[in-house]
Structures are given as C-alpha cells and as structure tokens.
Amino acid sequence: MNDVKDFRTVRITFSKKGRARFISHLDLNRTMTRAVRRANLPIWYTEGFNRHPYLTFAAPLSLGYEGEQETMDLRLEQDMEMSELVTRLDAVMPEGLHIKHAAWAVCKAGDVDRAVYRLQLNGCQPEAVTELFAQSQVLEEKRNKKKEWKTIDIKPVLDTANAQITPTETGTQLELTLPCNSTDTVNPALVTEALRQLPNMAEFSVSVCRLAVLDKNGNRFA
Amino acid sequence: MALMLEELFEKVQKPARYTGGELNSITKDKEKVSVRFAFCFPDLYEVGMSHLGMKILYGATNAVEDFWCERVFAPDTDMETLLRENNLPLFALESRDPLRCFDFIGFTLQYEMCYTTILNMLDLAGLPLHAAERGDDMPLVIAGGPCASNPEPLADFFDIFILGEGEEVNLELMSLYREHKKKGYNKAAFLREAAQIEGIYVPSLYEVTYNEDGTLAAVTPKEDAPATIRKRIIRDLDTAYYPDSFVVPFIDIVHDRAMSEIFRGCIRGCRFCQAGFLYRPVREKSVDTIDRQSRCLCETSGYEEFSLSSLSTSDYTHLEELLTRLLSWAEDKHTNISLPSLRVDGFSEELANRLNVLRRSGLTFAPEAGTQRLRDAINKNLSETEILDTARKAFAGGWTSVKLYFMMGLPTETPDDVVGIAELGQKIVNCYYHNPDKPKGKAVSVSVSVSCFVPKPFTPFQWEPQDSIEQLREKQKLLRDSVTTRKISLSWHDAETSYLEAVLARGDRRLGAVLESAFRHGFNLDAWSEHFDFEKWIEVFKEVGLDPDFYACRRREKDEILPWEHIDIGVTKEFLWAENQKAHQSVTTPNCRQECSHCGASCFKGGVCRERR
C-alpha cells in the first residue's frame with residue numbers, strides 16, 4: 001500500500017434521496033464502485049488478488065436516511081478536470097444518487113466532528129419537542145462499540161444541538177446538530193426514541209435528512 | 001392506522017429488495033403502454049435477480065415500445081406480514097402498482113418447491129387462485145420455464161403455459177392480446193385463439209380422464225386446440241435478442257455479475273438430466289457475438305465480473321479462442337471472468353492461470369456415480385482416470401482440496417455403487433499421498449456431496465421409481481460406514497425434499513388440490529429449509545386423499561399415458577425409452593457431436609443437428 005500516497009484523494013459530494021435512501025452503507029460502496037467503473041474514470045485500484053477501486057466514506061449514513069451533502073473519497077491515477085469528473089459520474093448514477101461536486105480533499109477523514117440533521121416529525125406537535133428539550137435529564141439506551149447496551153443521558157447533547165423547532169402542516173420540523181466522531185456519535189433516532197417516551201405521546205412518523213457533515217470548527221467537511 | 005408502502009420499507013430487512021429504482025430498471029409512461037406484463041419470480045429477490053432468463057425476457061419485452069415488463073419477487077416473511085396487516089396488495093417494483101392492474105402476470109417455474117410460493121403470491125395480489133374464477137377484468141396468469149414441461153400440477157391455477165424458450169412466443173402472445181384488447185377483450189375467445197400459437201398450452205382446453213388405478217386414461221383437446229403442443233426454440237442465437245444492459249441490484253444477490261450465454265442445450269445426454277433433453281438441440285453463439293455482448297454488458301452495468309453461462313462450458317467448440325479474446329480487454333479493465341460448469345482437464349496451464357480457474361472455484365468434479373458401471377448407465381462420460389489425472393496435476397501445483405458431487409438412488413444402483421463413492425474419494429486421498437511434491441505438513445481434504453436422485457419428465461428415467469426415503473437413508477448409512485478416513489467429509493441433501501420434488505415433477509392435475517391445501521395451511525417458500533415441513537406435507541396428502549408414493553416411487557409401464565404426454569419437446573418418447581433400456585444394460589450413447597442418435601430434436605432444424613460432423 002506504499003504507493004497509495006502517490007495519488008491525490010478526490011472528495012466527491014453527492015446527495016442520496018428518494019428510493020436511494022434505502023441503499024445501506026455496504027451496498028452504497030458496491031453501487032459507487034460500479035458507477036465509477038461505468039464512468040470509466042482513471043481511478044486507482046487496490047493491489048492484490050481481488051483488485052477493486054479504492055473508495056472510502058468518512059461518515060456512513062444510516063439506512064433509511066436521506067443525505068444532502070454526503071462525501072466519498074477516491075484516488076485518481078491521472079489528473080482530470082473536476083468538472084468533467086462530476087459530469088461523467090453523475091451521468092451513470094442510479095435514481096436518487098446525484099453527484100454535486102468534486103475537489104481535491106482538504107480535511108482528513110478523522111476530521112469529521114458533527115452533523116446537521118433535519119427531522120420531519122409527522123404527527124408530533126412542536127410543544128412535545130419543546131417539552132423534551134426542557135427536561136433536566138433525557139435517559140436513553142444506546143449500544144456501544146462492544147455491542148453492550150448502556151444507559152446514557154443525552155441532555156448535554158440536546159443542549160448543544162442548536163435545535164430549531166418549526167411547526168409544519170403535518171407536525172414539526174426539527175433541525176439539530178449531533179456529534180459524529182470517533183469518541184462520540186449520537187444518531188437522531190435516539191432523539192426520536194426519547195420523544196416517543198414522553199407521557200401521552202401519540203404515534204408519529206419520522207423522516208430524516210442529513211444536511212451537512214462538519215469539522216471541529218463548524219466548517220463543512222471538504 | 002394503515003401504513004403506506006414507503007413506511008413498510010423502513011420496517012423490513014433489506015428494504016432495497018422492494019424499493020425498485022435500480023440502475024437500468026425500466027419505467028414507462030402508462031398512458032403510452034398498451035400491454036403490461038408483471039414478471040414474477042416465485043422466490044426472494046436475491047434468487048430471482050440472479051436468473052438470466054428473467055433478464056432476457058425483461059429486456060426483450062421492454063424493447064417493444066408499447067409493452068412494459070416489470071419485476072415482482074416473493075416478499076420475505078417480514079414484508080408479507082406487513083403487507084397483510086396493512087391490507088396492501090403485492091406490487092411490481094418499477095411502478096409499485098398492484099398486480100391486479102396488469103394484463104399479464106407471468107411466473108417462471110424453475111423448481112417444483114416454489115409452487116406454494118406462487119399460490120401465496122397470487123393470494124397476496126388479491127386474485128382468485130383458480131384460473132376459472134378469474135374473469136375478463138382480471139390479469140391472465142401465465143407461466144414458463146423448465147417445470148412448464150410438466151405443468152399439470154399447476155393446471156388449475158394458470159390460464160396459459162409457455163413451452164420452451166420465451167423470447168419470441170411471449171411477444172406473439174402479447175401482440176395477440178393487444179389486438180383483442182382493441183376490438184373488445186373476452187378471455188375465453190382470447191385463450192381459444194392463443195392456443196393456436198405454437199408453444200402455447202391452454203390447460204383449460206384439455207380434458208384429462210383417469211383409469212381406476214389412478215393412471216391417465218386420456219387427454220382430450222377441446223375447441224380446436226392442438227392434440228400436442230410443441231415447445232418453441234430460438235433457432236439462431238447470434239441474431240436473437242440479448243439484453244445490452246442488466247438491472248444492477250443494490251443489495252448483494254446470489255449471482256451478482258454480468259452473464260453471457262454462450263450456448264443453449266447440451267450435447268452430453270446424461271440420462272438423469274432434464275435440462276440436457278429439454279433444451280435440445282445444442283445451439284452456440286459465435287465468438288464475435290459473445291465478445292460483443294459481454295463487453296457491452298460490463299460497460300453498461302459496471303460489473304467487475306462476468307460469467308459464461310451454459311450447461312457445460314467445456315463443450316463450447318471455440319473455448320480457448322473465446323477466452324483469449326475476452327481476456328484481451330477484461331484484464332485491462334480489472335474485470336474477472338468466471339467459468340461455471342467447467343471441466344478443468346484439457347486446459348492449457350497458461351490460460352488456467354490467467355483465469356485463476358482453480359483459485360476461484362477450487363477443484364470440482366461431478367462424477368455423479370461411484371462406479372464406472374453406473375456412470376455408464378447414466379451416460380456420464382467422466383472416467384476415473386480423468387479424475388485422478390486432473391487431481392494429481394492439481395496436487396502437484398500445491399492444491400490440497402477437492403470437491404466431488406454425486407447422486408444417490410440412481411436407477412440400477414447397487415450397494416457396490418454406493419461403496420464406490422467412498423472408494424473414489426479414497427483413491428483421491430491416496431493419490432495425494434503418493435505425490436512426491438505434496439506440500440509439507442498439509443493434509444488433503446476431499447469433500448463429497450451427495451444429493452438424492454429425482455426422476456424427471458422428458459428424461460430416459462421418467463418411468464423409473466424413486467428410492468423410498470428409507471432406502472435412501474440406508475444408502476446414506478452404508479456410505480457413512482464405508483468412509484474410513486477423516487480426510488473425506490460427507491454431506492447430503494435431505495431425502496424428504498427430494499421426495500416431494502419427485503411427486504410434483506411427475507404429478508398430474510389432481511395434485512392441484514394438494515398444492516391449494518398446502519397453501520391454505522400457510523406453506524410458502526418451501527425451497528428454503530427453514531420453511532419446509534415434511535410431516536405437514538404428508539398430512540396434506542392424507543387430507544386430500546392422494547398417495548404421494550404413487551407419483552414418486554412407482555415404476556411406470558412403457559405404454560402408460562404420462563401426464564405430460566401431450567407436450568412435445570422434440571425428443572421422442574421412443575428415443576427416451578431406448579435410452580432407458582440402454583441404461584439397464586449399462587450401455588453409453590455418444591454425444592451429439594460424435595454421432596447423431598436421432599433423438600427427434602432435429603425437427604427444429606437448428607444448431608448441432610445442422611452442423612457437419
């Protein structure tokens with residue numbers, strides 16, 4: 001893998017919407033590999049017996065969530081115009097995946113710090129969301145990396161989430177920023193789970209869109 | 001509160017099985033479409049999407065501007081439960097329209113164990129199971145595929161069966177329907193006219209009567225339907241339709257790669273193999289065609305692998321030339337070629353290395369039987385010397401494992417033949433230890449996989465009884481006791497599934513009641529061992545009052561009218577009987593390239609029957 005460094009990393013920004021939100025992370029990797037092959041990009045292949053285009057994703061997106069500005073990294077063997085890369089790759093994408101931008105990577109993959117989500121809570125009133133944020137403690141069950149269930153208090157996370165609660169025709173729109181880094185990750189499902197546990201809460205449905213992935217300084221991961 | 005379809009996707013395993021929207025899937029403007037076809041595969045998405053026939057027919061139908069073919073697969077149990085709870089009908093992936101909106105619902109019949117799944121899918125679609133109960137305002141339910149060669153157990157449920165290869169006849173049927181629709185569609189009139197198209201079998205136009213002993217007395221056509229229905233073939237594969245793109249799934253499926261069909265049919269004539277007779281005559285594609293089609297598919301799909309598809313890859317007449325040509329571009333594009341059904345012998349070492357033949361699939365043989373005598377009886381021309389020579393070469397090259405496939409319960413099989421399986425395994429083990437270059441400190445592993453023989457229609461063994469489950473179990477025990485080394489590992493298919501397969505494969509129309517009752521008892525996805533419950537099946541037979549042994553374990557007389565007697569696949573009953581007699585004398589028959597054995601398939605005037613020998 002020594003020669004990996006010889007090729008510069010291109011960071012591709014894409015959106016993943018509609019039916020494409022049901023492509024799991026593992027499947028997205030395969031889908032993108034094939035797209036890159038169809039676009040005939042001068043991409044770097046791994047060495048070894050099972051050679052494949054080297055693609056990496058800094059922040060996997062949960063199955064069922066849409067994404068506005070997802071990123072994928074690849075390495076090119078030859079220079080090419082970024083605008084041409086975008087055009088060629090976008091032309092071979094399946095429905096719901098759209099290539100928006102490509103540029104030489106600036107941040108390192110480990111720089112991902114937090115992400116901004118927009119939740120559409122259909123059948124959930126804004127008052128309920130406000131109530132949740134007003135609680136002094138919000139206990140939730142979460143599985144850690146060792147796959148053990150732990151009870152955690154997500155109150156501190158909610159306090160720094162920069163939450164924006166907007167009433168909609170069908171319920172509430174909730175925008176919030178949640179940690180998404182190597183030491184701490186909070187999935188928006190934890191927040192909706194906490195909502196469901198409020199007393200007298202009626203059933204509601206949720207659709208989630210990740211609007212942006214940010215670095216430590218709050219800049220877009222690029 | 002009833003949920004919408006989209007909401008169900010969030011609750012099921014692998015939602016991408018149901019969402020549609022895959023690359024190269026085809027959507028059309030409903031307003032501009034005159035005939036809609038729902039191609040149903042009665043198994044899970046991962047299995048159905050691996051099937052080449054579906055890809056060909058999907059492409060061929062959609063190539064006609066005003067025909068629209070969509071895909072439907074059996075939902076897994078989690079999705080089925082949600083559909084039923086929310087009163088949602090089974091839908092097609094492209095439009096998400098319920099099956100009831102379609103003109104045709106077409107099933108492919110790949111194996112007998114999916115029959116209950118078909119009934120379950122019809123029920124999920126909200127349609128009556130019986131063809132007779134579906135009126136002019138409902139879709140026509142049709143089927144094709146290998147099991148349509150004896151479709152009788154399903155006769156009650158289907159309006160039409162399509163015999164043989166569907167590329168042309170499907171479109172002819174849909175065109176006729178388009179005409180009828182224009183002038184005012186009436187199901188009965190349409191079926192009557194459809195029955196006149198070669199390859200179209202309308203079961204309701206045939207009356208079946210039985211003798212007192214349960215055998216068939218007669219099959220009588222009505223309303224000018226032909227007395228026998230001949231299968232269709234595509235005579236020239238070079239000019240035939242082949243898709244230039246495949247739908248590329250998001251989730252991992254069983255065979256997730258591009259596929260190039262290199263020929264249809266098989267020259268061998270192994271006497272147990274239904275495909276070897278059904279798809280006669282052998283017809284090859286040219287190297288140019290295969291090269292062009294493979295390249296096109298890889299470009300439009302982005303697949304990193306493609307396989308050459310046929311019943312016996314090694315029998316392609318220009319295999320070395322083909323592989324050299326394919327490798328010339330595939331290597332540059334980092335595209336792998338996979339070669340299923342390949343005989344490793346007779347391959348140049350250089351080519352074998354470039355293709356990584358052994359590294360991919362390991363060393364695999366299908367001797368099918370343990371002794372040369374039985375291999376002769378089933379006309380499997382693989383000799384012990386060939387097997388041992390190839391194994392020796394592979395061991396010298398550093399390989400340490402071999403896989404062997406056998407069948408148990410073949411006609412004429414004796415205990416010696418069963419013991420012969422263990423002996424052949426042992427000879428391979430010995431061959432490894434006699435090899436002076438064997439890798440130091442490594443043991444050899446020979447895995448022996450044994451399935452149970454199922455007699456099939458349109459084979460020389462169509463008259464033969466299947467061994468009873470007890471007999472098969474005894475033979476399995478004998479084999480287990482004959483293996484004396486731990487270098488050989490044994491595995492087998494369970495005899496119960498094979499028994500039921502045998503019942504359905506050679507069944508008649510009366511089995512429709514069994515299938516319906518099985519469905520009413522909730523049977524579904526029986527091809528999956530976790531869903532299959534043999535005891536319950538036996539209960540169903542008792543309830544309906546039919547003896548499964550009558551179908552599985554009974555020897556038929558030469559002149560007995562078989563339930564598939566009115567279906568003509570080209571190969572004659574006389575030829576099959578002669579082959580049966582030769583099997584009992586352990587006499588082999590030369591393959592189609594060595595010598596014509598006058599099986600009858602030359603009536604199609606194509607392929608090997610027209611080649612110069």
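This report covers strand pairing and helix packing in a predicted model.

## Basis

In this predicted model, local features need pLDDT of at least 70 and side-chain atom pairs count only at pLDDT 80 or more, while totals for chains, interfaces and linings use all residues. Residues are numbered from 1 along each chain as its sequence is written, with chains lettered from A and ligands numbered from 1 in the order in which they are written.

## Sheet of chain B

Chain B has an open sheet of six strands, ordered β2-β1-β3-β4-β5-β6, with mixed pairing. Strands are DSSP E runs of at least two residues, helices H or I runs of at least four, both numbered from the N terminus. Strands pair if DSSP finds at least two bridges between them. The edges are β2(B) (67-73) and β6(B) (200-201); each has a single partner strand, so one side of each lacks a neighbour in the sheet.

Seven bridges join β1(B) (residues 35-41) to β2(B) in the parallel sense. B:V35 stands opposite B:F67.

## Helix packing in chain B

Helix α3(B) (residues 52-62) packs on this sheet and touches β1(B), β2(B) and β3(B) (104-108). Contact means C-beta atoms, placed from the backbone, within 7 Å.

The axes of α3(B) and α6(B) (residues 166-183) come within 10 Å and cross at roughly 40°. Axes are lines fitted to C-alpha atoms, for helices over the stretch in contact; angles run from 0 to 180 degrees between N-to-C directions.

## Pairing in chain A

Strand β5(A) (residues 114-122) pairs antiparallel with β9(A) (residues 171-179) over nine bridges. A:Y117 has A:L176 as its bridge partner. Nine bridges also join β5(A) to β10(A) (residues 205-214), again antiparallel. There, A:N122 is partnered by A:S205.

Note on methods. Two residues are in contact if their C-beta atoms, placed from the backbone, lie within 7 Å.
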